[in-house]
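Here is a set of questions and answers for a reader who is meeting this structure for the first time.

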Amino acid sequence: MIVSNDTFVKIMQGLKEARSQGKIPAFAYDRVSTVDQANGMSLQYQSQGATKYAQEKDLYLVYCFAVAESASKEGRRIFNEMIDIAMRYDVKNLIFKSTDRMSRNYKDLARVMDLIDHQDVIIHFYQTNKSINKESTHDEKFMIGIEQAVAKHLSDKISHDIRAVNKYKVQKGIYPGRCHYGYKYDHENKRFVIDQTVEYILRYVFDEYDSGAHRLNKFCDLLNDKS
(Lines give C-alpha, C1' and ligand atoms only; values in the text may rest on other atoms or scores of the structure.)
Protein backbone atom coordinates (compact mmCIF):
# COMPACT_ATOMS: atom_id res chain seq x y z
CA MET A 1 0.00 0.00 0.00
CA ILE A 2 1.45 3.34 -1.07
CA VAL A 3 -1.10 5.78 0.39
CA SER A 4 0.16 8.22 3.00
CA ASN A 5 -0.36 7.63 6.70
CA ASP A 6 -2.88 10.48 6.84
CA THR A 7 -4.90 8.95 4.02
CA PHE A 8 -4.80 5.51 5.61
CA VAL A 9 -6.02 6.95 8.93
CA LYS A 10 -8.90 8.75 7.17
CA ILE A 11 -9.91 5.53 5.40
CA MET A 12 -9.85 3.54 8.65
CA GLN A 13 -11.89 6.23 10.41
CA GLY A 14 -14.38 6.28 7.55
CA LEU A 15 -14.80 2.50 7.63
CA LYS A 16 -15.34 2.60 11.38
CA GLU A 17 -17.94 5.36 11.03
CA ALA A 18 -19.76 3.46 8.26
CA ARG A 19 -20.02 0.41 10.50
CA SER A 20 -21.22 2.47 13.47
CA GLN A 21 -24.00 3.97 11.33
CA GLY A 22 -24.92 0.61 9.83
CA LYS A 23 -24.28 1.90 6.29
CA ILE A 24 -22.58 0.30 3.31
CA PRO A 25 -19.07 1.76 2.74
CA ALA A 26 -18.06 3.12 -0.65
CA PHE A 27 -15.04 4.66 -2.33
CA ALA A 28 -15.16 7.34 -5.03
CA TYR A 29 -12.62 8.02 -7.75
CA ASP A 30 -12.43 11.57 -9.09
CA ARG A 31 -10.11 12.14 -12.02
CA VAL A 32 -9.06 14.99 -14.22
CA SER A 33 -6.62 14.59 -17.07
CA THR A 34 -4.29 17.52 -16.34
CA VAL A 35 -2.82 19.42 -13.44
CA ASP A 36 -4.39 22.61 -14.85
CA GLN A 37 -7.84 21.05 -14.43
CA ALA A 38 -6.96 19.90 -10.93
CA ASN A 39 -6.04 23.45 -9.95
CA GLY A 40 -9.51 24.55 -11.04
CA MET A 41 -12.95 23.43 -9.95
CA SER A 42 -13.18 20.07 -11.73
CA LEU A 43 -12.08 17.80 -8.87
CA GLN A 44 -14.12 19.75 -6.32
CA TYR A 45 -17.20 19.49 -8.53
CA GLN A 46 -16.73 15.75 -9.03
CA SER A 47 -16.24 15.13 -5.29
CA GLN A 48 -19.50 16.94 -4.54
CA GLY A 49 -21.29 14.85 -7.17
CA ALA A 50 -20.02 11.58 -5.67
CA THR A 51 -20.95 12.70 -2.16
CA LYS A 52 -24.49 13.63 -3.20
CA TYR A 53 -24.94 10.34 -5.04
CA ALA A 54 -23.74 8.33 -2.03
CA GLN A 55 -26.20 10.13 0.24
CA GLU A 56 -29.09 9.45 -2.11
CA LYS A 57 -28.19 5.74 -2.30
CA ASP A 58 -27.70 5.47 1.48
CA LEU A 59 -24.02 4.65 1.04
CA TYR A 60 -21.30 5.95 3.34
CA LEU A 61 -18.59 7.60 1.26
CA VAL A 62 -15.45 6.55 3.12
CA TYR A 63 -12.91 8.31 0.93
CA CYS A 64 -12.60 10.13 -2.40
CA PHE A 65 -9.46 9.20 -4.32
CA ALA A 66 -8.96 12.49 -6.19
CA VAL A 67 -6.11 12.70 -8.69
CA ALA A 68 -4.93 14.32 -11.89
CA GLU A 69 -3.88 11.55 -14.26
CA SER A 70 -4.80 10.09 -17.61
CA ALA A 71 -7.26 7.22 -17.87
CA SER A 72 -5.94 6.28 -21.30
CA LYS A 73 -2.76 4.76 -19.83
CA GLU A 74 -2.74 1.35 -18.23
CA GLY A 75 -1.62 0.83 -14.66
CA ARG A 76 -2.85 4.11 -13.19
CA ARG A 77 -1.37 4.10 -9.70
CA ILE A 78 -4.14 5.76 -7.70
CA PHE A 79 -6.90 3.94 -9.58
CA ASN A 80 -5.36 0.54 -8.93
CA GLU A 81 -4.43 1.49 -5.38
CA MET A 82 -8.08 2.32 -4.66
CA ILE A 83 -9.17 -1.08 -5.94
CA ASP A 84 -6.49 -2.88 -3.93
CA ILE A 85 -7.58 -1.13 -0.73
CA ALA A 86 -11.24 -1.75 -1.53
CA MET A 87 -10.60 -5.47 -1.87
CA ARG A 88 -8.47 -5.61 1.28
CA TYR A 89 -11.14 -3.95 3.42
CA ASP A 90 -14.21 -5.42 1.68
CA VAL A 91 -15.47 -2.18 0.13
CA LYS A 92 -17.79 -3.41 -2.60
CA ASN A 93 -19.18 -0.10 -3.91
CA LEU A 94 -17.08 2.13 -6.17
CA ILE A 95 -18.40 5.46 -7.44
CA PHE A 96 -17.29 7.20 -10.65
CA LYS A 97 -18.63 10.20 -12.50
CA SER A 98 -18.98 8.31 -15.79
CA THR A 99 -17.53 5.45 -17.80
CA ASP A 100 -14.75 7.57 -19.27
CA ARG A 101 -13.80 8.79 -15.77
CA MET A 102 -13.47 5.14 -14.79
CA SER A 103 -11.30 4.02 -17.68
CA ARG A 104 -10.28 4.63 -21.25
CA ASN A 105 -8.13 1.52 -21.61
CA TYR A 106 -9.07 -2.12 -21.93
CA LYS A 107 -6.84 -3.47 -19.16
CA ASP A 108 -8.51 -1.38 -16.45
CA LEU A 109 -11.96 -2.17 -17.88
CA ALA A 110 -11.19 -5.89 -17.77
CA ARG A 111 -10.18 -5.59 -14.12
CA VAL A 112 -13.38 -3.73 -13.27
CA MET A 113 -15.56 -6.29 -15.05
CA ASP A 114 -13.76 -9.10 -13.23
CA LEU A 115 -14.50 -7.37 -9.92
CA ILE A 116 -18.17 -7.13 -10.87
CA ASP A 117 -18.48 -10.77 -11.96
CA HIS A 118 -16.28 -12.47 -9.35
CA GLN A 119 -16.00 -10.14 -6.34
CA ASP A 120 -19.61 -8.87 -6.17
CA VAL A 121 -18.43 -5.28 -6.64
CA ILE A 122 -21.05 -2.69 -7.64
CA ILE A 123 -19.91 0.12 -9.95
CA HIS A 124 -21.85 3.38 -9.72
CA PHE A 125 -21.97 6.27 -12.22
CA TYR A 126 -23.44 9.34 -10.56
CA GLN A 127 -23.68 11.39 -13.77
CA THR A 128 -26.27 8.99 -15.19
CA ASN A 129 -27.53 7.67 -11.83
CA LYS A 130 -26.83 4.10 -12.96
CA SER A 131 -25.04 1.15 -11.41
CA ILE A 132 -23.68 -2.13 -12.72
CA ASN A 133 -23.49 -5.29 -10.63
CA LYS A 134 -23.24 -9.04 -11.03
CA GLU A 135 -26.98 -9.31 -11.71
CA SER A 136 -27.01 -6.63 -14.42
CA THR A 137 -28.09 -7.80 -17.85
CA HIS A 138 -25.68 -8.68 -20.62
CA ASP A 139 -26.84 -5.61 -22.54
CA GLU A 140 -26.13 -3.30 -19.57
CA LYS A 141 -22.60 -4.67 -19.22
CA PHE A 142 -22.14 -4.53 -22.98
CA MET A 143 -22.97 -0.81 -22.97
CA ILE A 144 -20.08 -0.15 -20.57
CA GLY A 145 -17.75 -1.69 -23.13
CA ILE A 146 -19.25 0.43 -25.90
CA GLU A 147 -18.97 3.64 -23.88
CA GLN A 148 -15.41 2.80 -22.90
CA ALA A 149 -14.46 2.10 -26.53
CA VAL A 150 -15.93 5.46 -27.59
CA ALA A 151 -13.99 7.24 -24.82
CA LYS A 152 -10.77 5.49 -25.84
CA HIS A 153 -11.34 6.42 -29.48
CA LEU A 154 -11.77 10.08 -28.50
CA SER A 155 -8.63 10.01 -26.35
CA ASP A 156 -6.60 8.34 -29.10
CA LYS A 157 -7.89 10.85 -31.68
CA ILE A 158 -6.90 13.82 -29.51
CA SER A 159 -3.41 12.35 -29.04
CA HIS A 160 -3.10 11.71 -32.78
CA ASP A 161 -4.20 15.25 -33.64
CA ILE A 162 -1.75 16.80 -31.17
CA ARG A 163 1.13 14.76 -32.59
CA ALA A 164 0.13 15.72 -36.14
CA VAL A 165 0.02 19.44 -35.26
CA ASN A 166 3.40 19.28 -33.50
CA LYS A 167 4.92 17.41 -36.46
CA TYR A 168 3.60 20.09 -38.82
CA LYS A 169 5.10 22.84 -36.63
CA VAL A 170 8.51 21.14 -36.63
CA GLN A 171 8.42 20.77 -40.41
CA LYS A 172 7.69 24.51 -40.69
CA GLY A 173 10.48 25.37 -38.28
CA ILE A 174 8.06 26.28 -35.49
CA TYR A 175 8.83 25.20 -31.95
CA PRO A 176 5.95 22.86 -30.90
CA GLY A 177 5.88 23.66 -27.18
CA ARG A 178 4.46 26.50 -25.15
CA CYS A 179 6.23 29.77 -24.57
CA HIS A 180 8.25 29.80 -21.38
CA TYR A 181 7.68 32.65 -18.96
CA GLY A 182 9.57 35.72 -20.14
CA TYR A 183 9.20 34.93 -23.83
CA LYS A 184 6.55 35.31 -26.51
CA TYR A 185 6.22 33.84 -29.97
CA ASP A 186 7.07 35.99 -32.98
CA HIS A 187 4.72 34.59 -35.64
CA GLU A 188 6.33 36.60 -38.44
CA ASN A 189 9.84 35.29 -37.82
CA LYS A 190 8.67 31.98 -36.34
CA ARG A 191 10.76 32.11 -33.20
CA PHE A 192 10.54 32.94 -29.52
CA VAL A 193 11.65 36.39 -28.48
CA ILE A 194 12.02 38.07 -25.11
CA ASP A 195 8.80 39.52 -23.77
CA GLN A 196 9.82 43.05 -22.87
CA THR A 197 6.84 43.52 -20.55
CA VAL A 198 8.36 41.07 -18.03
CA GLU A 199 12.03 41.20 -19.08
CA TYR A 200 13.01 43.35 -16.10
CA ILE A 201 11.67 40.72 -13.69
CA LEU A 202 13.71 37.89 -15.15
CA ARG A 203 16.85 39.98 -15.44
CA TYR A 204 16.55 40.90 -11.77
CA VAL A 205 16.12 37.22 -10.83
CA PHE A 206 19.08 36.11 -12.94
CA ASP A 207 21.34 38.95 -11.79
CA GLU A 208 20.60 38.37 -8.10
CA TYR A 209 21.14 34.63 -8.44
CA ASP A 210 24.38 35.06 -10.40
CA SER A 211 25.70 37.45 -7.76
CA GLY A 212 26.19 34.54 -5.36
CA ALA A 213 25.17 36.77 -2.49
CA HIS A 214 22.21 34.65 -1.42
CA ARG A 215 21.77 31.13 -0.13
CA LEU A 216 18.99 29.30 -1.94
CA ASN A 217 16.43 29.52 0.86
CA LYS A 218 17.20 33.20 1.42
CA PHE A 219 17.02 33.80 -2.31
CA CYS A 220 13.52 32.36 -2.35
CA ASP A 221 12.56 34.62 0.57
CA LEU A 222 13.96 37.60 -1.33
CA LEU A 223 11.89 36.85 -4.43
CA ASN A 224 8.75 36.26 -2.37
CA ASP A 225 9.21 39.59 -0.64
CA LYS A 226 9.49 41.28 -4.01
CA SER A 227 6.36 39.65 -5.41
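Q: Does Glu 199 count as buried, partly exposed or exposed, and what is its relative accessibility?
A: The model is a predicted one, and the values here are computed from it. Buried means under 20% relative accessible area and exposed means over 50%, with partly exposed in between. Because its relative accessibility is 21%, Glu 199 counts as partly exposed.

Q: How many residues apart in helix α3 are Lys 52 and Glu 56?
A: Lys 52 and Glu 56 form a salt bridge, in which the closest N and O atoms are 2.5 Å apart. Both residues belong to helix α3 (residues 42-56), where about one helical turn separates them, because they are four residues apart.

Q: Which helices hold Asp 117 and Lys 141, whose side chains meet in a salt bridge?
A: The salt bridge between Asp 117 and Lys 141 has an N to O distance of 2.9 Å. Asp 117 counts as partly exposed at 28% relative accessibility, whereas Lys 141 counts as buried at 18%. The pair ties together parts that are 24 residues apart in sequence, because Asp 117 lies in helix α6 (residues 106-118) and Lys 141 in helix α7.

Q: Which element gives the largest share of the lining of the largest pocket?
A: The largest pocket has a volume of about 320 Å³ and is lined by 14 residues, with Thr 99, Phe 125, Thr 128, Lys 130 and Glu 147 lying nearest its centre. The elements that give two or more residues to this lining are α5 (99-102), β5 (130-132) and α7. By class, the lining has four nonpolar, five polar and five charged residues. Its largest share, four residues, comes from α7.

Q: What accessible area do Phe 142, Met 143, Ile 146 and Val 150 have together?
A: One of these residues, Ile 146, lies in helix α7 (residues 138-171), and at 36% relative accessibility it counts as partly exposed. Phe 142, Met 143, Ile 146 and Val 150 form a nonpolar patch on the surface, and their accessible area together is about 370 Å².

Conventions
Residues are numbered from 1 along each chain as its sequence is written. This is a predicted model: local features need pLDDT of at least 70, side-chain atom pairs count only at pLDDT 80 or more; totals for chains, interfaces and linings use all residues. Side-chain values use heavy atoms; hydrogens and water are left out. Patches are made of residues with over 30% relative accessible area and no salt bridge: like charges are joined within 9 Å, nonpolar side chains (Val, Leu, Ile, Met, Phe, Trp, Tyr) within 5 Å. Accessible areas come from the Shrake-Rupley method with a 1.4 Å probe; for residues, only the protein chains shown count as cover. A salt bridge is a side-chain nitrogen of Lys or Arg within 4 Å of a carboxyl oxygen of Asp or Glu. Buried means under 20% relative accessible area, exposed over 50%, partly exposed in between (1.4 Å probe, protein chains only). On a 1 Å grid over the protein atoms alone, a cavity is a set of points where a 1.4 Å probe fits but cannot get out, and a pocket is an open set with protein on both sides within 12 Å along at least five of seven lines; lining residues have an atom within 4 Å of a point. Grid points are joined across faces, edges and corners, and a volume is the space filled by probe spheres set on the points. Ala, Val, Leu, Ile, Met, Phe, Trp, Tyr, Cys and Pro count as nonpolar, Asp, Glu, Lys and Arg as charged, and the others, Gly among them, as polar.
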